[in-house]
Structures are given as structure tokens and as C-alpha cells.
Amino acid sequence: MHSSTTNTLRLISIVQSTMRKTINRTLFNTFTTKPIEKAKDAHSNLLTDTDHVFELQHHTVKPSAMNDYESMYCDYASQILDKYSSTGLVHTGSWRVHIGNVQNQFVHIWMYKNFTHLDQFMNNAKNSSIDDKLNQYIIERSNQMCLSFSYFGIPQPRAKSDDEANPYIYEMRSYWLKPGTLIEWGNLWHKGVQHRPDAKVLGVFSQIGDLYNVHHMWSYKNFQHRKKMRTNAWAKPGWSENVEFTVPLVRKMESKILVPLKISPLQ
């Protein structure tokens, strides 16, 4: 009898706890500005408000060839822009991994006007001799086609650091989400991003490549500035709830610190 009563009380306690969390989550989402609707359409149509397509490239380079690769990629990017910028192709940015799981790696982001523009570029941009030379330095390469979250907007050029010897650092935080959770992620981060508006650069979700993969990019003057911005966010109402409710959606996450190449529009 005592055991049965104990089990009943334990079950009631669990149900009450679950109901409290559900109510808190509902209340929190209610105050999200311009909330994203429930999934009544393709996620891509609900999460973005632009036709732009972002190509996210990762090039892992031979450690001994880092400088040669960087110099050659700057030449390569210049040639591509000379030929295709008039069509609307935008070089969003290029970075070298400064701190991360793979240090001998470069990250490049290119923006197309839409999928039709991407089709045209893929059909017209044939392998050039300089592309073949780049491949001599590359150990592994991958890319993704992504769309931008409406609340991050399109990346804008930034003023260079006052100290050219110490450019801004960029943090790319990548999240692999549980399938079916993109809408909830979008609802939560629509409010969360407002806690660090000056640091936001880019927020995209994958369409081709690893699916349910999200990338948020932030910019800081230095590591001390990063620490200050992140500490300030925790002091603002709603940030801790944003973290609490998004963490259960994540299967895996990664952070890497990037420094821009000379040719990168984002410095």
C-alpha cells in the first residue's frame, strides 16, 4: 500500500513538472516578435524571407601549404568575381580556422540570388586551371547549400578593425538538430538573436548536404569582447529560457573561431 501511494505521488510530481515546462515554453514563445508559424508548408518557406542561396564551403588543406593555398584562393576569388559579380554573385566572406577541431581548414561563403542563379553558375563555371592548382593543396573539401533565417538577415559589409594587425574574430557555431525541430528552433532564436544584435553576422540552415544543420556566425573585436557580449546576454531577461529550450533540440554542436582572409568582404 505504501509503495503504491509513493509511486502515485511520484507520477503526479512528474506530470506537474512536465506541465510547468510546457506552460513556460508556451508563454515564452508567445512573446516572440513575429513568430514563425507552425509547419503548414515546407520549412524553407516559413523560416526565410529571401530567395538568396548561400554556399558554405569547407576546405581542409595540407598543413605545409596553408600560406600557398590562402594566396592562391585570393587570386581564385578575384577571378570568379571579375567574371560573375555582374550576374549577382556575392562573395560573402572567407576565413581561416584559428581555433577549432580542424585547424588546417578554410571556410568560404558565397551568395547566389536564388536557385535559378545557382543553376546558371553551376552550368557556366567550369573547372579552371587555378581551381586545379587549388586542389593540389586540399586534403578534403565539402559544401552545403543553405538558406538564411529571416531574423538574421543578409550579411552586411563591416568596417575593418582599427588595428589592422588584429582583425575581428568570427565565431561560427554549428548545430545538428533533431529532425522536425527547425520551426521550434526558429521561434526561439527569433527572440534570442535580439540579445546580441551588434554581434550577429549570419544565420543559415542547410538545404543540401547535412540536413537539420544550422550555422550561426557572430563577430567580436577580440576574445575579451566575446566574453563581455556573452556575459551581458545572460544578464538579459529571456536569454536563459532561450538556452534552456533550445538545448534539447540539439544532437551535436561545434564552435570554431575564424579570422578573415585579405580578400574577405567581412573583416
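K256 has a relative accessibility of 5% in this predicted model; because the cut-off for a buried residue is under 20%, K256 counts as buried. The residue is part of strand β8, which spans residues 250–260. Its side chain forms a polar contact of 3.0 Å with the side chain of E254. Beyond residues up to four places away in sequence, K256 touches H58, V97, I99, G100, Q105, V107, Y170, E171 and M172.

Across the protein, eight helices and eight strands are assigned. Of its 267 residues, 44% count as buried. Among contacts with a separation of 6 or more, 82% are between residues 24 or more positions apart.

Aromatic pairs number 15 over the whole structure. In one of them, the ring centres of F149 and F205 are 4.9 Å apart and the planes meet at 50°, so the pair is classed as tilted. This pair connects distant parts of the chain, 56 residues apart: F149 belongs to the loop between β4 (138–148) and β5 (169–177), and F205 to strand β6 (residues 200–208). F149 is buried, at 0% relative accessible area, and F205 is likewise buried, at 1%. Both rings belong to a cluster linked by ring pairs, which also includes Y151, F152, Y175, W185, W189, W218, W234 and W239.

Charged side chains also lie over aromatic rings. The charged end of R196 is placed over the ring of W218, a member of the cluster, at 4.2 Å from the ring centre. K252 lies over the face of W176, 4.6 Å from the ring centre.

Terms used
Residues are numbered from 1 along each chain as its sequence is written. This is a predicted model: local features need pLDDT of at least 70, side-chain atom pairs count only at pLDDT 80 or more; totals for chains, interfaces and linings use all residues. Side-chain values use heavy atoms; hydrogens and water are left out. Helices (H or I, at least four residues) and strands (E, at least two) are DSSP runs, numbered from the N terminus. Buried means under 20% relative accessible area, exposed over 50%, partly exposed in between (1.4 Å probe, protein chains only). A polar contact is a pair of N or O atoms within 3.5 Å; within protein, one must be able to donate a hydrogen and the other to accept it, and residues adjacent in sequence count only if both atoms are side-chain atoms. Contact means heavy atoms within 4.5 Å. Rings of Phe, Tyr and Trp (its six-membered ring) pair if their centres lie within 6.5 Å; planes under 30 degrees apart count as stacked, over 60 as edge-to-face and the rest as tilted. A charge sits over a ring if NZ of Lys or CZ of Arg is within 6 Å of the ring centre and within 35 degrees of the ring normal.
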